[in-house]
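Hi there,

The sequence and the structure are just below, and my notes follow.

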Amino acid sequence: MLKDRRNLVFISAVSAVIAITVIICVCAFSFNGGSVNFETSYYFVCYRSPDNVVSAGSISSVVSSYGGAGYILDYDGNYYVTVSCYYKENDAQAVCESLKKRELECTVLTVKTKNYPVKSSSAKRNAKLYTGNFNTLNSLSLLAYECANGLDTGDYDQSKAKDVLAAIKSGLNGLKNNNKNNCFTNAICDLIDECDDAGKGYILSKDMRYLQIAIADKIINAELT
């Protein structure tokens, strides 16, 4: 009975996060006429620096075998095989230094978002919607991050992990319903597919980190057309 109550509290908490996300989407809006402003920072712990996507794919498998995300981030013309992602630089640096002591060649990639150019009249009309998308996606990436940490520490069991994954997918489906045939549509559908892949079997922390970074990738590389 106590376990059931704890699970009910947990599910309610996840639902509250999604509800708060919707409120954030409505309130957080910045548009200066030529761009949409969304400021956040991501600190990726990356393993090596592959020369091309084929090399990145090979390294990704190695990182995954170590328990890292293994997500290949294409950013600013370069490929990065990510181990994990953090929202504070000192957290990323601490993990990076720990991996270096294990003789793993890691670096921290810092990515800061700010202004996204608006490239069409339709994007200008959708500026408020797009700002809401960024806020929601960022909140969902945080849910995946907390779940990954919880799985690592043992605070989250499979039931909780599946609840979080379901909440993330629900949030993405909400975005999908509000973003039909615009520049976010394909990205959101891709992320829903990632949720389905993560939920096919036993959920590992690296699966949630992969999903977290996939969401961050869509934020970083968004083009508002």
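Leaving aside residues up to four places away in sequence, F134 touches V36, F38, Y116, F184, I219, A222 and L224 (a contact means heavy atoms within 4.5 Å). Before going further, please note that this is a predicted model, in which local features need pLDDT of at least 70, side-chain atom pairs count only at pLDDT 80 or more, and totals for chains, interfaces and linings use all residues. Residues are numbered from 1 along each chain as its sequence is written, and side-chain values use heavy atoms, with hydrogens and water left out.

F134 also has a place in the largest nonpolar core, a group of 64 residues; F44, F134, I168, L172 and M208 have the most contacts inside this core. A nonpolar core here is a set of buried Ala, Val, Leu, Ile, Met, Phe, Trp, Tyr and Cys residues joined through side-chain atoms within 4.5 Å. Buried means under 20% relative accessible area, exposed over 50%, and partly exposed in between, with a 1.4 Å probe and protein chains only.

Which helix gives the most to this core? Helix α5 does, with 11 residues. Helix α5 covers residues 127–153, and its 27 residues reach 40 Å from the first C-alpha to the last, close to the 39 Å expected at 1.5 Å a residue (the expected span is 1.5 Å times one less than the number of residues). Most of α5 is covered, with 20 of its 27 residues buried. Just after α5 comes G154, which takes a positive phi of about 90°.

Now for the strands. Strand β1 (residues 35–47) is mostly covered too, as 11 of its 13 residues are buried. With strand β4 (residues 106–117), β1 pairs in the antiparallel sense over 11 bridges, and Y47 stands opposite C106 in β4. Strand β3 (residues 78–86) also runs antiparallel to β1, joined by 4 bridges; there, C46 has T82 in β3 as its bridge partner. Two strands count as paired if DSSP finds at least two bridges between them.

Finally, the whole chain. The protein chain holds 8 helices and 4 strands, in the order α-β-α-β-β-α-β-α-α-α-α-α along the sequence. Helices (H or I, at least four residues) and strands (E, at least two) are DSSP runs numbered from the N terminus. Of its 225 residues, 44% count as buried. Among contacts between residues at least 6 apart in sequence, 77% join residues at least 24 apart.
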